[in-house]
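Please look through the model shown below before reading the report that follows.

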Amino acid sequence: MLAGISAAVLALPLVIGFASAKLSATDSLHGAILAGILFPALILAILRPKALVAYTLLVWAVAPELRRIADWSANEYHSVSLLSLAPLLTGLTLAIPVLKEIHRMQKTSSRILLWFAAALGYGSLIGLMKNGMGTVYDLANYLVPLLLLPFFAVTRFTPKDIDRLLYTYANLAVLVSVYGLIQYLTVPPWDAFWMRNADMMSIGTPYPLEIRVFSSLNSPGPAANFLVYALVPMILEKKWRGTLSWFGVLLVVVCLLTTLVRTSWLVLLVMLLVYIGSSSGKGKWKALIQLGIVAAALFWIVPKLPGAEGLVARMETLTSVQEDHSYNERLSLWQNMLPTVAANPVGQGIGSVGQGTKLGNGGELGEYGVMDNGFIALLLTFGILGGLLFFLALGAVAKQIAGKVLRKGPLQPYARLALATWTGAVVSLISDNGFPGLRGYLIWMLVGLGLGAKEIMDSRKKGNTDAAVER
C-alpha cells in the first residue's frame, strides 16, 4: 500500500507538468513552480521525514511571495492561483510517513484524532450540501495542519531533533523579518502590484513607511503569526534562538511591530506567561530577566525607527481598548452574530467562513469571508454539535499535555512550549479562528512536539516495564 502511495505522489509533479502544458502561459508557469516545490517534499517524506517539517515551513513562508513575483512578471493578477495550493500540497506529504508508521501511535493520540475527525466529518457533510468546492479547500486547511499530530506521534523526534527544528524555524523567522523590513522601507514592485490589484489598501498604501508589513506572507496577519510563534521560543531558550541569537530576536520583534497586528502581542504575552509560569523558580527569574532586556532594547530602539510615530500610536491603542474602533467592531460582531448562530444550530458547514468562500463566489470573499471572532467562526461553521466536538478535542489535547508531560526532566521544556501554544491559540479566538491554514500549522507543530515528547516518555516507560518483567 505504501509503495503505491509513494509512486502516486512521485508521479504528481509529472501530472502537474503535463497538465500545465495545456494551460495558459501564466498558469503553466505557476504549475511548473508548484511541481518544483512539491518534488523535494516528496523525496523528504520518503527518505528523511524528520527534515520535512522544516521544508514545509519554508514553503508556507515563501509561496505567497513566489506567487506575487510570478503575477508581476506576467503583468497579470490572479485572485485564485495554483500556487495557493503549494503549502497545502506540500503539507499533505506528511501523510506518507504517518501511513508508514501508523501502527506505532498510542491510544491517547488516536482518541484525540477521533474527536477532531468527528467534528470535521460533521462540518464537511453540512458544508458539501451548502458550500460545494469551498468545503474541500477549507477542509484541507484544517486537515493538513492536524496531520502534524499523528506525524510527531509516530516519527520519534529526539530532543536534538526538536531543537534543530526550532532553531531552523528561528532562522526562517529572521529571514522573513529581514525581507519584511526591506518591504517596509522600499516596497518592492511585485508587492506594490499585488496590493493594488488585490485591493489590499486596508493595510496601507504601497509606498515606503506607509505599508503594514506582510513580508513574504499573504497579509500582515499571517506574517505576524509566523513571527510570533517563532519569537516565543527564541526569547525563552538559547538553543532555540537561531544563528543570530539576540540580534535575530530584535529583528523579529521590530518586524512584528511593522505588521501592526495587535492580537499577536496578546498571544506573545500569554504564551510567555504560561511558559514562565510552568517553569521552576530559577527558570522564572532567568526568563523574566531576558524579557526585561528585550523590553529595554525595544524602548530604546523603536523611537529611532523610520515611521516610528505610526508604530508607537498603534501600540498605544492597547492601553485604551474601549476607545479603539477595531475593538468596538469586534464587540458589535459578537452581539450581532450570536442570534444568527442560535437561529442555525446545525451550522453552515466547512467552507462557509474564510478564504474558502472565494471558490463559490467568483474569486471574491463571501458573506462570512472575514470573521473577526474565532468562537463565532467555529460555531457558525460547525454548529452547536460540531462546535462541541471541536472544543472537546481541544480539551483532550490540553489534558494530554498537562497530564503526564509536565514533569521534571529533559523533555519538560517542549511540553511547556506546547501548553503555552495551546493557551495562546485559544485566547486568540477572541480575534479570529486560527486553526485552519498557516496559523493552525504553527500551532499544531508546537503542540505536536509536546505530545510527541509524551509518546517518547510513555514508550520509554513501557520499555522499562517490559525489561523489568523479563528480569
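Which residues line the largest cavity?

## The largest cavity

In this predicted model, the lining of the largest cavity is made up of Met-105, Ser-109, Ile-112, Leu-113, Leu-149, Pro-150, Ala-153 and Leu-451. A cavity here is a set of points, on a 1 Å grid over the protein atoms alone, where a 1.4 Å probe fits but cannot get out, and lining residues have an atom within 4 Å of a point.

The largest cavity holds about 50 Å³ of space, and the structure has 3 cavities of 30 Å³ or more. Helix H6 (107–130) and helix H8 (148–154) each contribute at least two lining residues, and the lining divides into 7 nonpolar residues, 1 polar and no charged.

## The chain and helix H18

The protein chain has 19 helices and 0 strands, where helices (H or I, at least four residues) and strands (E, at least two) are DSSP runs numbered from the N terminus. Of its 471 residues, 51% count as buried, that is, under 20% relative accessible area with a 1.4 Å probe, protein chains only.

Helix H18 (residues 412–427) has 16 residues and spans 23 Å from its first C-alpha to its last, close to the 22 Å expected at 1.5 Å a residue, the expected span being 1.5 Å times one less than the number of residues. H18 is mostly covered, with 13 of its 16 residues buried.

## Basis of the values

Residues are numbered from 1 along each chain as its sequence is written, and side-chain values use heavy atoms, leaving out hydrogens and water. Local features need pLDDT of at least 70 and side-chain atom pairs count only at pLDDT 80 or more, whereas totals for chains, interfaces and linings use all residues.

Technical notes: Buried < 20%, exposed > 50% of the residue type's maximum accessible area, 1.4 Å probe, protein only. 1 Å grid on protein atoms, 1.4 Å probe; cavity = no way out; pocket = protein on both sides within 12 Å on 5 of 7 lines; lining within 4 Å. Points joined across faces, edges and corners; volume = space filled by probe spheres on them. Nonpolar A, V, L, I, M, F, W, Y, C, P; charged D, E, K, R; others polar.
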